[in-house]
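Please read these notes with the model open beside you. Each point takes up one local feature.

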Amino acid sequence: MGGLNSLSISEARDKLRAGEITSVELTQACLAAAEEAAALNAVVHPTPDLALEQARAADARLAEGEAPAMCGIPVGIKDLFCTEGVPSQAASGILADFKPTYESTVTSRLFEAGAVMTGKLNMDEFAMGSSTETSVYGNTVNPWKAGDTELTPGGSSGGSAAAVAADLCLAATGTDTGGSIRQPAAFAGITGVKPTYGRVSRWGIIAFASSLDQAGPMTKTVRDAAIMLEAMSGHDPKDSTSADIPVPDFETMLTGEIRGKTVGIPKEYRMDGMPEAIDELWASGRSMLEDAGATLVDISLPHTKYALPAYYVVAPAEASSNLARYDGVRYGLRATLASGDDVTAMYEKTRAEGFGDEVKRRVMIGTYVLSAGFYDAYYNHARKVRALIKKDFEDAFADDIDAILTPATPSAAFPLGQKFNDPVKMYLNDVFTVTVNLAGLPGISVPAGLDPDGLPLGLQLIGKPWEEGELLDFALAIEDRAGFVAKPEKWW
Amino acid sequence: MSIDHNDARRVAKLARIQVDEEDLPALASEFNAILGFIEQLREVDVQDVEPMTSVTPMRLKRREDRIAGGGIAGKVLANAPDAREGYFVVPKVVE
């Protein structure tokens, strides 16, 4: 049996409330586990002093009774979230030494609910990547291994996925622009939710592509995802795209009851050359939902094929605009200048030195597709294709489909270094997840089986806008039937 | 559409990222690989389709046009690479 750090949020919450354990004990177990796990390189800025201070405060609050579910729960925070007085670098050299003087809305909400932050977690630089290999801190290693080969935990929220899978914290925040929560969750055998666009405030989260970015929970169970999602959600006047609609009590809603509901199986997600294990996983997911009383229907989402290319116009375009702020003036790095260097030289040298190759590549692609003469041909064209992708989903839901089942990823976790030098191949990792961001829908990745090498595989469920509660029920139906309890063997 | 090293130089300049002359051909070929992938979008008939502008159908909230907050110059400047006397400092801009 594992230590306290291997508890789920709901288990820990019950023990904390019953007075069986304290948040300080729980936090110390997580901090000790993280300290032993340097080989994973998942935690890049540990915050043990802050964590213990928050844990003591949580224990005091628990002693008074009526504490929220997240009270005293140790969580890891992706480096993309601004945390006051704690380094927040988006895993980029250009934000070296940046310590925000403010707290992101999501972390503020979590802290108000009594959550404990154990540290900042590794990721791809500015969330641009699918393997955590573009990080200025170096890559994270997946706690799962195939033989002796070191694997990627996926990305961009790879540090979050590895930290949760290795029990370095009970849960973590992630962000998802094209699959950055769901793909690493699948690669690490955990649950990850990308909420409906607008459900969770983006304020204080370092921006990548603002019309696609959405933060969400990465947890050990579906129940934990419900608990943490509720704590993260809600209207925020500081994010103009945040929705002013009530946040349901997701945990109370959670029953796993999906009898009489209809699940769509999109034929376009059956890819040539898809590994047999993924096909089998998808088939077993269909059986599980049928067993739970749902009706399965074949559906068509005709523009699926164009989602990735549309994404690789829209996301870089928005990134080129968002990342224009890194100019060496207001925060972060300024390159050493030669005498006589003017302000333009300062910008160009600072950005050349501070950004990694993938970020430069995307900023320049974005600059190109927005430049005079190409704006209509690329950017506007991609936005029209995006409208068609969104309409595909609207048509399916109008046809009485309640949720859509797909594989989460086209493969299990792959070896580090394998795709690093081929951007387009790396991009293909997001082929099943990116449609959801383009359409602004909620999606969840839930672990559902192991491949022949013993690596975890995830299924994705896609829901209707604002119906995360219903979506979590579908995920719970899978979780209950998949019986996924495998954990990586500790080698680190 | 194919990008050569001159286009790559122009894009790098627009993006304000210094790229050494000898790295331009490799950069151009990376752009071509990515743009080649994007080219598939041409197959899609987008006649009479409006470009998507907002993800969820909602009207942006209005607020009263008055100053809220402020008076935190110290916090604003706290992370500046160079700040003096309440200002950001940059290389000389005006001769």
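At what angle do the axes of helix α7 and helix α16 of chain A cross?

1. Roughly 160°. Helix α7 (residues 222–232) and helix α16 (residues 468–482) of chain A have axes that come within 9 Å. Axes here are lines fitted to C-alpha atoms, for helices over the stretch in contact, with angles from 0 to 180 degrees between N-to-C directions. α7(A) and α16(A) are therefore roughly antiparallel to each other; that label needs an angle over 145 degrees. The crossing of α7(A) and α16(A) is right-handed, meaning that the near helix is turned clockwise from the far one by less than a right angle.

2. Basis of the note. This is a predicted model: local features need pLDDT of at least 70, side-chain atom pairs count only at pLDDT 80 or more, and totals for chains, interfaces and linings use all residues. Residues are numbered from 1 along each chain as its sequence is written, chains are lettered from A and ligands numbered from 1 in the order written, and side-chain values use heavy atoms, without hydrogens and water. Helices (H or I, at least four residues) and strands (E, at least two) are DSSP runs, numbered from the N terminus.

3. Who touches whom in the α7(A)–α16(A) contact? From α7(A) come V222(A), A225(A), A226(A) and L229(A). From α16(A) come E468(A), L472(A), A475(A), L476(A) and E479(A). Contact means heavy atoms within 4.5 Å. By class, this contact of α7(A) with α16(A) has seven nonpolar, no polar and two charged residues.

4. Helix α10 (residues 307–322) and helix α12 (residues 357–370) of chain A have axes that come within 7 Å and cross at roughly 100°. α10(A) and α12(A) are therefore roughly perpendicular to each other; the range for that label is 65 to 115 degrees. Residues of α10(A) in the contact include Y312(A) and P316(A), and those of α12(A) include R362(A) and I365(A). The classes are eight nonpolar, three polar and one charged.

5. Strands. β7 (residues 262–266) and β8 (residues 295–299) of chain A pair in the parallel sense over five bridges; pairing needs at least two DSSP bridges. The chain crosses from β7(A) through helix α9 (residues 276–291) to β8(A), in a right-handed β-α-β crossover. V263(A) stands opposite L296(A) in β8(A).

6. Backbone points to check. Most residues other than glycine have a negative phi, and most peptide bonds are trans. A91(A) has a positive phi of about 55°. G155(A) and S156(A) are joined by a cis peptide bond, with omega about 10°.

Definitions and conventions
A crossover is right-handed if, with the strands pointing away from the viewer, the path from the first strand over the helix to the second runs clockwise. Angles under 35 degrees count as roughly parallel, over 145 as roughly antiparallel, 65 to 115 as roughly perpendicular and the rest as oblique. Ala, Val, Leu, Ile, Met, Phe, Trp, Tyr, Cys and Pro count as nonpolar, Asp, Glu, Lys and Arg as charged, and the others, Gly among them, as polar.
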